Structures are given as C-alpha cells and as structure tokens.
Amino acid sequence: MSEESASRSMTRRTRDFTVLTGTTGIVLLLLVANGALGLLEAISALIVIASVALAYFAGSAVRVPPASTASRAEPAASGESVPGPDLLAGLPLPALEIGAGQKIIAFNGAADDLFELSSLPFARASAVIRSPVLLAAIDDALERRTDGPVGTSAELETGPDETWRAHVSRIPASANVLVLMEDLTPVKRAARARADFLANASHELRTPLTAISGFIETMRGPAKDDTAAWPRFLDIMAGESDRMSRLIADLLSLSRIESSEHVLPRGREDLTEIVSASLAALQPIAAESGVTLRIQDAPPGLPDITAHRDELIQVVENLVSNAVKYSKPGSEITLGYGASTSLAEARAAASQRWDASQRMTLLQTLARTSAPEPAVWLRVEDQGPGIEREHLPRLGERFYRADQSRGGKITGTGLGLAIVKHIMAHHRGGLAVETRLGQGSAFGVWLPAARDT
C-alpha cells in the first residue's frame, strides 16, 4: 500500500472516529438533560466508549514502515513485484500473504473459501490454521533474515479423506511470507485406488491359482492312485481356470476402456440391433438358469447413437448377466429401451419407474449443450432379492459385490458394473440403480443420441 493511499485511509478513519465519539456524547448529554442518567455516569460512559474506539482506531491502523516501503520500491524499479491482493487474486490456488505477528495481510478468493477469512477481519494465521506443522513453518520463515526466497512445504491431513500441501516461502525483498495451498486429495485418492486395485487383483488371481496348485499337489501325492477322484478334481480345476480367464479378460477390457475414455466414439449404431445381438448370446445362459428374458416392443423411430458397438453390447450383456445371477429359477428379467427428448427425461425413464424404491445415480451425464438434446435409454429389471441401501454408493467399484444383500455368495469377478460405468463415461452417458428389497432391482443407462450432420 502506498503512503498516499494510507493517508486517505487514515483521513476516513479519523472522520469515522470523530463521528462515533461525537454522536455518543450527544446521546449521553440528552439522557442527562432528561434526568435518565447522572452527569457523573455520563462522563464515565463517554470516557470508556472513547477509549475503546481509540484503541480500535490505533490497533487497526495500516502502518507502512519506512524500511518496508523502501524494500517494496526497489523491486518495482527492477521489474519485480511483491504479492498483494491483486496478484493473489490471479492465483488459481488458495494463497495468503502473512506479515509480522502472523497477521494475514492479503488473501485470494480460493483462500477465503478454504479458511472463511471474510468473517474474520484482521485475523492472525493461528486463528484460522489448525495445523501446528504449518504454523511452525510460517514462524520459521518469518524469523529468517536471509536474503532471497526461503521455502518449505508440509503435507496436512485436514480430514478423514482430505490432504493438502502447504508451500511456505519468504517473499524476496520483504519481511512477509507467502503461503500457497495445494489440494492433494485427488492424487492421494488415485494412489489409494491404484493400490487397492492391485491388492484386489492379486487376491482374486491368487485364489484360483491356489486352488489349482492344491489339487495338482493332491493328484501327485495322496490321490496319485485314486484315479476315480480325478474327474471331480479336474472339474474344479477347470472352473477355477475359467474364473481366472474371466478375471484377466475383464481386467484387460477395463484397461482398454480406461485408456481410450477421453476419445469420443465415432461409429453410428442402432440400439435395437445391439439389444437383439446381446440377448441372442444370453438366451442359452438364461435358459440354463431357468430365467425368462423378456424384451419390450422396440419403440418406433428410435434415433441412432454415436457409439462403439462392441462396448455397448458389453454393457447390455453385463447388465443382463448380472440380473441372471441374482434371479431365482422361474423368475423373469425385463429389458426395455426407448428415446427421450432430453437427458433428464432419459434418466427418469431408465431409473425412476418404481414407487417406494431406493435410487442412486452411479454416473451422472455431462450435457454437451445447455439446451435439451435427444437421448436414448435402456433399463434391465430383475425379480431378485434387491439391494440394501448402504451398498448402493459402492456399486460400480472394482471387485465390489453386495453378495450379502442379494442372496448369498455369487460367483463373478466383481468388475462387471465397473466396466459398464467406464463404458458409459466413454460415451458421455449415465448409469443409475433402482431397487426394492425382496422385489427386485433395475439398472438403467442413458446416453445422447447421434447428432444429425
């Protein structure tokens, strides 16, 4: 702040101080004249109020020490700049400038959102920052007298799932300190997700490998001459081998989808043909489980979609095969699809059909334009046991299976819904679940229709 602006601020504050004390004195004199207040009490009250106002007036004054002014003028001549409100406002990260006594001199909007500084004028850093590590770093930077920038950084655990890194540096040619906050939460979450994925994948692969190795040892050792038991052992080994093959195939499919998720599909496809091809492949599986697949009549004039055909077939197959797994013999699975005038309407048609149901949107659609755009939707309903509400938010996570709420242990890799979720993200679509305990569940997907060129 320049001396001229500081002088103007002092003039305004002197006027405010004069008006405050003068008005208070007049009010007290009127009370004395009316007999509502004694003269001695009025004089005492005026002295107390004037003292408080004077203390605030002196304590909140903006001081510009001569040494600080000189140090700020020097960099300006050499083309350098010193952080201030205008410069901090241009930073995308939360930033604070802290001066002597840990007083917060300036901050930007991001820092205000993080620390709620607008409600705490003239605050000290210790009043808004609860990390002893960061406060110690600020004190250390303020106390150092070396020329040039002096910086350090510290990671802060600000919540059960929130991590920040604070960069504290001494401002060149100034006694102040710049604190820059960097949100590490997305990075930490990605690292945890990667570690969890590797741990789960290793566990899922180790289980069938252990079973196969165990039976091979048994056939070489104790059951070497018991050839009558070999067919049973071989059947179990074949099942575990198939399970491992499915897991590897799903992992490769998920990796391939993730690697191309940022590239929009370019093919123009007919959803009716995709549904028909998918159900033709799943009819034998449903018949073997004693489950009936029923498809609603195809709506007329269904628009094409911009999609990757094989990926959309995988979506239908995964949703229907999941429904078959959790359906009892003799039950029915219904597959319906159609067109809507907007993504919101398509979402409602795909996942908001039942009364008194529990619902959860697992993937929200990102609209391409602000105006409503045509969309298509698909819904797969089963008559299984339903899903308990506490499991809904985790559906779509890799390797997560809500077996306890859906009728006991179900075989599978736990990657089916994760693949569906990533495919719909690739197509800029959405995914949601609707369920009623004891009556069934429904999974719905929707995506924008192809644009006419």
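This is a predicted model: local features need pLDDT of at least 70, side-chain atom pairs count only at pLDDT 80 or more; totals for chains, interfaces and linings use all residues.
At what angle do helix 11 and helix 13 pack, and how far apart are their axes? The angle is about 145°, and the axes lie 9 Å apart.

The crossing of helix 11 and helix 13 is left-handed. On the helix 11 side, the residues that do the touching are Glu311, Gln314, Val315, Asn318, Leu319 and Asn322. They meet Gly416, Leu417, Ile419, Val420, Ile423, Met424 and His426 of helix 13. If you wonder about the spacing in such lists, an α-helix has 3.6 residues a turn, so residues three or four places apart point the same way.

Now look at helix 13 by itself. Helix 13 lies across strands 10, 12 and 13, and it runs at about 20° to strand 13. Just past the end of helix 13, Arg428 takes a positive phi of about 55°.

One of the buried residues of helix 13 is His422, and it leads us over to helix 9, where Glu258 is found. Glu258 and His422 are 164 residues apart along the chain, yet their C-alpha atoms are separated by 6.8 Å. Setting aside neighbours within four places in sequence, Glu258 is in contact with Arg398 and His422. Is Glu258 buried, partly exposed or exposed? Its relative accessibility is 33%, so Glu258 counts as partly exposed.

Back to helix 11, which has another helical partner. Helix 10 (residues 271–288) comes within 9 Å of helix 11, axis to axis, and the two cross at roughly 35°. This crossing is right-handed. Helix 10 brings Glu273, Ile274, Ala277, Ser278, Leu279, Ala281, Leu282, Ile285 and Ala286 to the contact, while helix 11 answers with Arg309, Leu312, Ile313, Val316, Glu317, Val320, Ser321 and Val324.

Six strands form an open sheet with mixed pairing, in the order 7-9-11-13-12-10. Strand 7 (292–295) and strand 10 sit at the edges with a single partner strand each, so one side of each has no neighbour in the sheet. On average, neighbouring strands here are turned by 15° against each other, ignoring direction. For a look at one pairing, take strand 11 (residues 375–381) and strand 13: they run antiparallel and are joined by seven bridges. Trp377 has Trp446 of strand 13 as its bridge partner. Helix 12 (residues 343–351) packs on the sheet too, touching strands 9 (332–340), 10, 11, 12 and 13, and its direction makes about 10° with that of strand 11.

Strand 1 (residues 95–98) and strand 2 (residues 104–107) run antiparallel, joined by three bridges. Leu96 has Phe107 as its bridge partner in strand 2. Five residues lie between the strands, and in this hairpin Gly101 takes a positive phi near 70°. Strand 1 also holds Glu97, which is buried with a relative accessible area of 2%. The side chain of Glu97 makes a polar contact with the side chain of Asn176, at 2.9 Å.

Finally, zoom out. The protein has 13 helices and 13 strands, and buried residues make up 40% of its 453 residues. Among contacts between residues at least 6 apart in sequence, 67% join residues at least 24 apart.

Conventions. Residues are numbered from 1 along each chain as its sequence is written. Side-chain values use heavy atoms; hydrogens and water are left out. Two strands pair if DSSP finds at least two bridges between them. Helices (H or I, at least four residues) and strands (E, at least two) are DSSP runs, numbered from the N terminus. Buried means under 20% relative accessible area, exposed over 50%, partly exposed in between (1.4 Å probe, protein chains only). A polar contact is a pair of N or O atoms within 3.5 Å; within protein, one must be able to donate a hydrogen and the other to accept it, and residues adjacent in sequence count only if both atoms are side-chain atoms. Axes are lines fitted to C-alpha atoms, for helices over the stretch in contact, and angles run from 0 to 180 degrees between N-to-C directions. A crossing is left-handed if the near helix is turned anticlockwise from the far one by less than a right angle, and right-handed if clockwise. Contact means heavy atoms within 4.5 Å.
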